[in-house]
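Please read it with the sequence and the structure open.

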Amino acid sequence: MAFDIEMIKQVYEALPAKVKAARALTGKPLTLSEKILYSHLHSTQKPAAFERSKSYVDFAPDRVAMQDATAQMALLQFMTAGKKTAAVPSTVHCDHLITAKVGSKADLEVANTGNKEVYDFLSSVSSKYGIGFWKPGAGIIHQIVLENYAFPGGMMIGTDSHTVNAGGLGMVAIGVGGADAVDVMAGLPWELKFPKLIGIKLTGKLNGWTASKDVILKVAGILTVKGGTGAIVEYFGEGATSMSCTGKGTICNMGAEIGATTSTFGYDESMERYLQATGRADVAALANTVKEHLTADPEVYANPEQYFDEVYTIDLDELEPHINGPFTPDLATPISKMKEAAAANGWPTKVQVGLIGSCTNSSYEDISRAVSLAQQVADKNLKAKAEFTITPGSEQIRYTIERDGFIDTFNKIGAEVFANACGPCIGMWARAGADKKEKNTIVHSFNRNFAARQDGNPNTYAFVASPELTTALAIAGDLTFNPLTDTLINEKGETVKLDAPTGDELPKRGFAVDDAGFQAPAADGGGIEVKVSPTSDRLQLLYSFSPWEGVDIKGLKLLIKAKGKCTTDHISMAGPWLKYRGHLDNISNNMLIGATNFFNEKTNSVKNELTGSYDEVPKVQRAYKAAGLGSIVVGDENYGEGSSREHAAMEPRHLGVRAILVKSFARIHETNLKKQGMLGLTFADKSDYDKVQEDDSIDILGLTSFTAGVPLTVVLNHKDGSKDEIKANHTYNQQQIEWFKAGGALNIIRANAAAALA
């Protein structure tokens with residue numbers, strides 16, 4: 001029987017009536033996204049025909065998922081919320097803290113030893129509060145969710161931006177910060193601005209070398225890294241129903257790379273097959289009873305321009321394999337154009353490493369299609385020219401592909417199988433020689449390829465492709481190799497051509513696993529004591545942030561004026577810093593060290609206005625905090641793009657930054673700032689960014705009458721005595737303004753919990 005089957009039954013039993021009511025409210029046919037959103041309104045939310053991109057709406061998600069790096073801070077916050085157990089089904093997944101270095105077994109042993117304190121904490125706090133716990137080695141959060149928890153028509157949130165992967169099983173699954181997870185686990189409404197809707201019609205059918213990954217690589221090229229911001233992307237058409245469930249998951253997974261709130265597909269036979277294959281025939285049977293409500297109304301897909309804010313069409317028959325990058329996931333190049341693009345841009349074309357797997361592409365289908373190419377190395381007397389690694393998405397996947405002989409085939413081309421964890425994708429890759437910072441190229445089937453993301457080397461040119469194309473390029477060792485047209489010279493001096501990849505959507509003999517790695521919580525966690533050592537450098541109990549003083553904020557120092565791309569990786573790096581995700585003060589030493597300073601074009605080098613000298617960003621900010629001075633961070637477009645990590649909001653808050661003023665925000669980061677009681681502001685006139693000078697003293701006026709929809713005034717007091725007065729917009733509603741005044745949303749939860757016990 002599936003996990004949480006009674007909860008799923010309740011969702012489906014209520015679905016028809018809720019969809020009918022939503023149609024009556026809106027007076028029109030509904031998209032799938034709207035059906036799921038309207039059927040998950042919180043009981044305190046008054047139903048209405050909500051306005052896209054404007055209405056703030058309270059929802060009641062069905063479940064919460066957390067990965068170990070973000071779960072630490074989320075659960076440290078939840079421990080202070082005054083609740084005895086999680087109000088909705090919730091899980092923790094230990095996947096981010098395992099470094100890929102030698103191989104799966106050795107790397108897992110090292111992780112279990114080195115991270116014991118953190119794993120013990122997560123295990124005990126999960127058991128205490130009724131939360132399911134997936135042990136290290138069990139697999140990557142999003143693959144585990146797809147295999148065990150996702151269900152068509154459901155709604156979930158997760159403390160990882162790639163939570164959206166569950167859209168492959170017809171969910172509305174949204175990445176959030178830990179404070180949002182605390183709200184839902186505490187039984188409170190979860191707030192989201194009602195998203196706009198983007199429809200993508202897929203015609204034709206994937207064929208030959210083209211894979212589902214190429215769909216989202218193409219979409220990223222069309223929409224860019226911020227084109228999906230504030231939107232749900234809904235895929236439909238014959239091309240959608242013809243592809244596998246896990247292929248749909250890949251497309252939804254990388255929707256995070258276009259800034260989308262989430263992506264989803266309507267329920268179809270591929271989802272039914274996947275549910276049955278993963279031991280959830282009971283969920284499939286329930287879904288079949290309400291399947292008309294698990295996809296859009298027929299009128300929507302017949303005339304999509306009438307129901308979506310934007311509509312795009314992609315013909316899968318004509319779609320070419322793509323390679324995206326380097327340094328950004330939206331620089332899309334068809335394989336036939338790569339030779340030309342590489343020459344024009346001076347990209348190194350020798351492929352040093354090919355890496356497949358991760359939460360994006362580690363399905364049985366992905367691995368089976370890649371192994372069909374690995375088999376050709378032996379069959380055609382070839383030799384792989386690049387290093388090659390595989391990161392299975394779960395123990396179930398790893399066990400099954402080992403049983404079916406895939407790992408043996410990969411081993412024959414010198415492949416290394418890493419642990420069932422994030423590994424290189426999140427930067428947990430102890431790559432030999434990366435410290436030399438040499439210019440080189442890698443190709444992977446992951447989702448992100450920001451500078452230094454995978455191996456810490458800013459000179460590694462990382463390109464994103466399908467597992468099949470990644471494997472082919474590793475065999476050829478050449479970024480410009482086009483397997484559709486080009487040939488290779490084998491060990492006998494013969495000219496050979498790779499055959500197009502083939503594989504099975506699902507294992508013919510079914511999935512198998514000895515120990516999936518799941519630990520159920522205690523039946524009664526009341527007697528479990530969660531201990532955090534006061535001398536630990538990995539874990540630190542949280543304190544309450546101070547409430548707003550009740551006056552306008554004046555005399556702020558400019559900490560940094562960030563230039564260009566400033567993702568959450570730039571604000572709070574992963575890699576070796578992941579070890580401090582449960583210790584706010586220690587991890588704050590990585591705050592903004594990857595951001596480029598506009599004034600000197602350097603990273604981690606800003607002017608200390610107290611001394612006039614340049615120093616590391618965290619050191620300068622700690623000096624301001626010690627002197628009782630607040631500061632402000634100024635940024636460019638799409639500030640906070642990338643991961644959901646709320647540390648990128650909590651670190652500035654902890655160190656005394658009072659406001660972030662940028663041209664535009666990525667959705668999750670803006671929400672995280674609000675939750676932590678920070679001011680997240682945008683230039684009313686983006687050209688005002690140019691007026692900010694290095695030695696400015698900055699005032700924020702209008703806070704005493706802080707009101708939704710009313711801009712604030714920012715005064716730039718320049719060193720020469722002149723000043724510029726500019727307008728700053730914000731998207732705070734009245735509830736979010738109360739978060740700011742209280743010093744953070746969690747302070748309100750604590751106060752309410754205390755009042756309830758009084």
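A disulfide is defined here as a pair of cysteine sulfur atoms within 2.5 Å. By that definition, a search of the whole structure finds zero disulfides. The structure is a predicted model, in which local features need pLDDT of at least 70 and side-chain atom pairs count only at pLDDT 80 or more, while totals for chains, interfaces and linings use all residues. Residues are numbered from 1 along each chain as its sequence is written, and side-chain values use heavy atoms, with hydrogens and water left out.

**Cysteines**

- In general, a disulfide is a covalent bond between the sulfur atoms of two cysteines.
- C252 is in no disulfide, and its nearest cysteine sulfur, that of C245, is 9.2 Å away.
- C252 counts as buried because its relative accessibility is 0%; buried means under 20% relative accessible area, exposed over 50%, and partly exposed in between, with a 1.4 Å probe and protein chains only.
- For C566, the closest cysteine sulfur is in C425 at 20 Å, so the two are too far apart for a bond.
- C566 is also buried, with a relative accessible area of 2%.

**Covered helices**

- Helices (H or I, at least four residues) and strands (E, at least two) are DSSP runs, numbered from the N terminus.
- Helix α6, residues 141-148, is mostly covered, with eight of its eight residues buried.
- The buried residues of α6 include charged E147 and also I141, H142, Q143, I144, V145, L146 and N148. The classes used here are nonpolar (Ala, Val, Leu, Ile, Met, Phe, Trp, Tyr, Cys and Pro), charged (Asp, Glu, Lys and Arg) and polar (the others, Gly among them).
- Helix α7, residues 178-185, is likewise mostly covered: eight of its eight residues are buried.
- In α7 the buried residues are G178, A179, D180, A181, V182, D183, V184 and M185.
- G187, which follows α7, has a positive phi near 85°.

**Helix pairs**

- Axes are lines fitted to C-alpha atoms, for helices over the stretch in contact, and angles run from 0 to 180 degrees between N-to-C directions.
- The axes of α3 (residues 68-78) and α5 (residues 116-128) come within 11 Å and cross at roughly 55°.
- That angle makes α3 oblique to α5, because angles under 35 degrees count as roughly parallel, over 145 as roughly antiparallel, 65 to 115 as roughly perpendicular and the rest as oblique.
- The crossing of α3 and α5 is left-handed, meaning that the near helix is turned anticlockwise from the far one by less than a right angle (clockwise would be right-handed).
- From α3, D68, A71, Q72, L75 and L76 meet V118, Y119, F121, L122, V125 and S126 of α5, where contact means heavy atoms within 4.5 Å.
- By class, this contact of α3 with α5 has eight nonpolar, two polar and one charged residues.
- The axes of α10 (residues 245-253) and α11 (residues 269-277) come within 8 Å and cross at roughly 105°.
- The angle therefore makes α10 roughly perpendicular to α11.
- C245, T246 and K248 of α10 make the contact with S270, M271 and Y274 of α11.
- The contact of α10 with α11 has three nonpolar, two polar and one charged residues.

**Backbone geometry**

- G325 and P326 are joined by a cis peptide bond, with omega about 5°.
- P326 is found in the loop between β12 (322-324) and β13 (332-334).
- F327 lies in the loop between β12 and β13. Its phi is positive, near 70°, in a residue other than glycine.
- F327 is partly exposed, with a relative accessible area of 26%.
- T224 is not a glycine, yet has a positive phi of about 70°.
- T224 lies in the loop between α8 (212-223) and β9 (231-236), and is partly exposed at a relative accessible area of 33%.

**Pairs distant in sequence**

- G493 is in the loop between β19 (488-489) and β20 (495-496) and counts as exposed at 51% relative accessibility.
- G493 and N381 are 112 residues apart along the chain, and their C-alpha atoms are separated by 9.4 Å.
- A666 lies in the loop between β26 (657-662) and α23 (667-675) and counts as buried at 11% relative accessibility.
- A666 and I258 are 408 residues apart in sequence and 10.0 Å apart in space, C-alpha to C-alpha.
- Leaving aside neighbours within four places in sequence, A666 is in contact with N638, Y639, G640 and E641.
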